[in-house]
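Welcome! Take a look at it first, and then we can walk through it together.

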Amino acid sequence: MPDFTDDIFFATIPELNAKLKAKEFSAVELVRAFARRLEELGPRYNALALPLTAAAIRRAHEVDKELKRDRHRGPLQGIPFGAKDLLSRAGQPTTWGARPYAAQVFDYDATVLQKLDKTGAVLIGKLAMIELAGGGGYHTAAASMFGPGLNPWDRTRWSGGSSSGSGSAVAAGLVPFAIGSETSGSILTPAAFCGITGLRPTYGLVSRHGAMALSWTMDKLGPMCRSAEDCGLVLEVIAGGDAKDPGSAHKSFYYTPQYSRQPKTLRIGYAPVDFTERAEPSARPAFEQALAAIRETGAQLVETKLPDLPYGVLTSTIIVAEACSVFEPLISSGKVDQLADPKQIAGLKAGLEISAKDYLKAMRIRTLVQQKIRRMFGEVDLLLAPSRFGPAPKVSEPLDQLSPEPATPKDPGMSALIPAGNLAGIPALSLPCGFAGNLPVAIQLVGSAFSENMLLAMGKEFQTRTDWHRKRPKM
Amino acid sequence: MKFTRRKLAVAALASAGLGARSMQAPAPTPPEDPNAAAKEQGNKNSETLAKFDLPMSTEPAFQFKP
């Protein structure tokens, strides 16, 4: 058995792939090492929902046989990974992080898992999440049947939600990458708080078949990784049309950053207020350095702001209305009371009363959001803002104050970029950009629909100039 | 579902734009009552949406093409 050090546990996908090809270790050895680490350390962060070690080792044996025959399936072959526990794995519990669904078992695999299986990636465990991905709103980090997601940088801090386990497992080197989901912020937030790189793809680019539905018109699945390059490699595998997903855009994705536009030709819109007054003071030096690093790429930074629209109200109305339709049986049966978070319970119950008038009005205003944001991308190529305006809050703190109220601030800048981007269905990439004290902070780059290669190329360029994505928490 | 005279009267007022909710304006909710807070938030959202003027031709984003 080779000596697996932190250099392996925190290696990127291409680095692990190179070592597998060089036969420094086998897929079985790699999978066994990560699976043991996930089982040992996952509970420390409340990150592990379900270990799948035995099945993973069986799969890794098959991968080793393929590698022996020089049958190469791509850079993910033999790489262990974790999946948010809203993705179904046939015959295994899929809890959606919620006690009422603790014994739920599906007899089919989610499309993204099928695709990852096919390329030789090895699922070693399901990862914890906020119950029902937080559809009704939630008050505390403990809104999960797995307990609060704890941050590997400081276990008194939250790992973010709703892809809590995906964020902390990647950050702690328990998996090389994970699959998360985002309806409004659930990939970007844990990626930012945990100091990893997370990609929210364009709506419809990745099939959601086999994933818990929270909001049919807003849900996306995406990779949470060590680097922008890793996100590109994973996205290439999981993207693609799927007749089983009615929201599928029926588009493929090929990771080709080399053909993307040079940074010096890009115009990047940002709001200075986001990096100064709106940012928490402890995070401002990191955000200033991030702006400087972006400028060094040669990209032109231009001041901009989001169109003045009630993004928070729209996302809340649309997500809660759709979630309450999805979970109507849970709410009507009273089993909703088994959820951990009283705010979530109350939000789902109250959501049943959202009128058709309000839902349709929100969806009509959403049309304006899409039109106006599409127009913004006539002026700029990308948008830039802090992913979150400060570091992870304490686990014991109420979470209601995390997001500034986007409907009423004096100078909103781009504070509502997460809900706005999700309403518009456009992609975003969260990149670690430094620390506030001992906690990571991050910037987000947002592009027009299906501009993932441009985002990832800019992210890769940023990460060649900085090493924040290489930092490791003290374990 | 049974319709009482009271329910029908409230529905009629609501459709006439008088708003059943404003007729029964809730008292400020204590933060410790999540059900009341959720309902109040829903009412606030509804008011914000109602105030937003849209061209009649604007259709909902059902044909979702980002």
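Which residues of α5(A) are buried? They are A:Thr111, A:Val112, A:Leu113, A:Lys115 and A:Leu116. Please keep in mind that this is a predicted model, with scores of ipTM 0.88 and pTM 0.92.

**Around helix α5 of chain A**

- The cover over the buried residues of α5(A) includes β2, β3, β6 (178–182), β8 and α8 of chain A.
- Helix α5 (residues 111–118) is the link on the way from β2(A) to β3(A), a β-α-β crossover that is right-handed.
- Just past the end of α5(A) you will find A:Gly120, which has a positive phi of about 95°.
- Strand β3 (residues 122–127) of chain A has 6 of its 6 residues buried, so the rest of the structure largely encloses this strand.
- Strand β2 (residues 80–84) of chain A runs parallel to β3(A), and 5 bridges join the two. Here A:Pro80 has A:Val122 as its bridge partner in β3(A).
- β1(A) also pairs with β3(A), in the antiparallel sense and over 3 bridges. In this pair, A:Leu48 stands opposite A:Leu127 of β3(A).

**The sheet of chain A**

- These strands belong to an open sheet of 11 strands with mixed pairing, in the order β1-β3-β2-β6-β8-β7-β12-β13-β11-β9-β10 (chain A).
- At the edges of the sheet are β1 (48–51) and β10 (300–303) of chain A; each has a single partner strand, so one side of each has no neighbour in the sheet.
- From one strand to the next, the twist averages 30°.
- Strand β7 (residues 197–200) of chain A runs antiparallel to strand β12 (residues 428–436) of chain A, and 3 bridges join them. A:Arg200 finds its bridge partner in β12(A) at A:Ala428.

**Helices across the sheet**

- Helix α8 (residues 228–238) of chain A lies across β7, β8 (220–225) and β12 of chain A, and runs at about 140° to β8(A).
- Helix α10 (residues 284–296) of chain A lies across β9 (267–270), β10, β11 (382–386), β12 and β13 (439–447) of chain A, and its angle to β12(A) is about 125°.

**Residues worth a look in chain A**

- Most residues other than glycine have a negative phi, and most peptide bonds are trans.
- A:Trp96, in the loop between β2 and α5 of chain A, has a positive phi near 55°. Is this residue buried or exposed? A:Trp96 is buried, because 27 other C-beta atoms lie within 10 Å.
- With 9 other C-beta atoms within 10 Å, A:Lys23 is exposed.
- A cis peptide bond, with omega about 10°, joins A:Gly161 and A:Ser162. A:Ser162 sits in the loop between β5 (154–158) and α6 (164–171) of chain A.
- A:Glu461 is part of helix α16 (residues 452–465) of chain A, and is buried, with 22 other C-beta atoms within 10 Å. Apart from neighbours within four places in sequence, A:Glu461 is in contact with A:Pro263 and A:Thr297.

**Chain B and its contact with chain A**

- Chain B has 3 helices and 0 strands, and of its 66 residues 15% count as buried.
- The contact between the chains takes 31 residues from chain A and 19 residues from chain B. On the side of chain B that touches chain A, the residues divide into 11 nonpolar, 6 polar and 2 charged.

**How confident is the prediction?**

- Chain A has a mean pLDDT of 96, with 98% of its residues at 70 or more. Over residues 403–409 of chain A, though, the pLDDT is below 50.
- For chain B the mean pLDDT is 65, and 47% of the residues reach 70 or more. Among the elements of chain B, helix α3 (residues 34–51) has the highest mean pLDDT (95) and helix α2 (residues 20–23) the lowest (31).
- Residues 1–30 of chain B have a pLDDT below 50, and this stretch has 14 contacts in the model beyond near neighbours in sequence.

Technical notes:
Residues are numbered from 1 along each chain as its sequence is written. Chains are lettered from A and ligands numbered from 1 in the order in which they are written. This is a predicted model: local features need pLDDT of at least 70, side-chain atom pairs count only at pLDDT 80 or more; totals for chains, interfaces and linings use all residues. pLDDT is the predictor's confidence in each residue, from 0 to 100. Two residues are in contact if their C-beta atoms, placed from the backbone, lie within 7 Å. Two strands pair if DSSP finds at least two bridges between them. Helices (H or I, at least four residues) and strands (E, at least two) are DSSP runs, numbered from the N terminus. Axes are lines fitted to C-alpha atoms, for helices over the stretch in contact, and angles run from 0 to 180 degrees between N-to-C directions. Ala, Val, Leu, Ile, Met, Phe, Trp, Tyr, Cys and Pro count as nonpolar, Asp, Glu, Lys and Arg as charged, and the others, Gly among them, as polar. A residue is buried if 20 or more other C-beta atoms lie within 10 Å of its own, exposed if 12 or fewer, and partly exposed in between; C-beta atoms are placed from the backbone. A crossover is right-handed if, with the strands pointing away from the viewer, the path from the first strand over the helix to the second runs clockwise.
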